[in-house]
Amino acid sequence: MQVLIAIKVFYTIASILLEGGGSVKKIDVKKSRWTLLDDAEISLVVSLIFETKYNSVSIGGAKMGRLQWKRVYDPVEDVDGTRMLIDRLWPRGLKKELAQIDEWPKEISPTTELRRSYHRGEIDFQAFSKAYQMELEENSGVLEFISMLRNGLENGNITLVYGSKNPDQSHVIVLQRYLEEHLK
């Protein structure tokens with residue numbers, strides 16, 4: 001049902017955005033004019049609608065549960081399946097009963113030193129990303145985590161939850177890319 005709704009939403013958006021010659025366009029609200037979407041923007045729209053919300057992991061050709069990502073403060077849903085907190089610190093102001101966390105693999109999050117350096121502004125996001133990527137590659141606990149994910153996805157959905165308000169500038173996006181590469 002959700003996928004059908006997503007497809008309808010996508011086609012509705014696409015039909016609204018199509019204008020002459022089949023070019024997909026977007027409106028620049030500040031300038032009140034249409035501009036062409038480039039291939040990266042089109043890809044982003046498609047991935048936002050389908051891959052992020054409805055991604056299913058396929059291992060060895062067998063259909064698996066979905067690996068989902070969301071803020072720990074968002075409401076718990078039945079489709080979440082197993083909920084894993086991927087932060088080293090417990091989210092502020094959140095009671096454990098409300099979070100409904102099943103697993104808390106702290107070992108896959110950035111080290112305290114790296115996290116503090118980034119939050120203090122001693123390093124920028126690019127340096128943080130590279131350092132965290134190195135930590136993931138050198139961390140034997142990550143292999144165990146990936147194995148746990150694979151086994152868990154055989155039984156249903158897994159939702160990786162985090163506290164960050166801005167996941168695109170946090171360890172979340174680095175971990176997401178790493179897992180996408182290593183869960184293939």
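Modeller: Let's start with Leu149: leaving aside its neighbours within four places in sequence, Leu149 is in contact with Leu67, Met84, Ile158, Leu160, Leu179 and Leu183. Contact here means heavy atoms within 4.5 Å.

Biologist: Before we go on, what kind of model is this, and how are residues numbered?

Modeller: It's a predicted model, with residues numbered from 1 along each chain as its sequence is written. Local features need pLDDT of at least 70, side-chain atom pairs count only at pLDDT 80 or more, totals for chains, interfaces and linings use all residues, and side-chain values use heavy atoms, with hydrogens and water left out.

Biologist: How many helices and strands does the chain have?

Modeller: There are 7 helices and 8 strands. Helices (H or I, at least four residues) and strands (E, at least two) are DSSP runs, numbered from the N terminus.

Biologist: Back to Leu149: which helix has Leu149 among its buried residues?

Modeller: That's H6, whose buried residues are Gly141, Val142, Phe145, Ile146, Leu149 and Leu153. Buried means under 20% relative accessible area, exposed over 50%, and partly exposed in between (1.4 Å probe, protein chains only).

Biologist: What makes those buried residues of H6 one face of the helix?

Modeller: Looking down the axis of H6, they fall within an arc of 140°, so they line one face. The arc is that of the directions from the helix axis to the C-beta atoms. On the other side of H6, Ser140, Leu143, Glu144, Glu154 and Asn155 are exposed. Among what covers the buried residues of H6 are S6, strand S7 (82-85), H5, S8 and H7.

Biologist: Which residues have the most contacts inside the largest nonpolar core?

Modeller: Leu67, Trp69, Ile86, Leu149, Leu160, Leu175 and Leu179 do, in a core of 27 residues. The elements giving two or more residues to this core are strand S6 (67-71), H4, H5, H6, strand S8 (158-162) and H7. H7 supplies the largest share of the core, 6 residues. A nonpolar core is a set of buried Ala, Val, Leu, Ile, Met, Phe, Trp, Tyr and Cys residues joined through side-chain atoms within 4.5 Å.

Biologist: How do you know that the span of H5 agrees with its length?

Modeller: H5 (residues 125-138) has 14 residues, which at 1.5 Å a residue should span 20 Å, and its end C-alpha atoms are 20 Å apart, so the two agree. The expected span is 1.5 Å times one less than the number of residues.

Biologist: Which residues of H5 are buried, and which are exposed on the other side?

Modeller: Phe125, Phe128, Ser129, Tyr132 and Leu136 are buried. Seen down the axis of H5, its buried residues fall within an arc of 100°, so they too line one face of the helix. On the other side of H5, Gln126, Lys130 and Glu138 are exposed. Helix H4 (112-119), helix H6 (140-155) and helix H7 (171-182) are included in what covers the buried residues of H5.

Biologist: How many aromatic pairs does the rule give?

Modeller: The count comes to 5 aromatic pairs. Take Tyr118 and Phe128: their centres are 4.5 Å apart with 20° between the planes, and the pair is stacked. Rings of Phe, Tyr and Trp (its six-membered ring) pair if their centres lie within 6.5 Å; planes under 30 degrees apart count as stacked, over 60 as edge-to-face and the rest as tilted. Tyr118 is in helix H4 and Phe128 in helix H5, 10 residues apart.

Biologist: Why is Phe128 called buried?

Modeller: Because its relative accessible area is 3%, and Tyr118 is buried too, at 16%.

Biologist: And why is the pair of Phe125 and Phe128 called tilted?

Modeller: Their ring centres are 6.2 Å apart and the planes are at 35°, so the pair is tilted. Ring pairs link Tyr118, Phe125, Phe128 and Tyr132 into a cluster.

Biologist: What makes Lys106 a charge over a ring?

Modeller: Lys106 lies over the face of Trp104, at 4.1 Å from the ring centre. The rule asks for NZ of Lys or CZ of Arg within 6 Å of the ring centre and within 35 degrees of the ring normal. Likewise, the charged end of Lys96 sits over the ring of Trp90, 5.2 Å from its centre.

Biologist: Why does Gln100 count as partly exposed?

Modeller: Because its relative accessibility is 45%. Gln100 also has a positive phi of about 50° although it is not a glycine.
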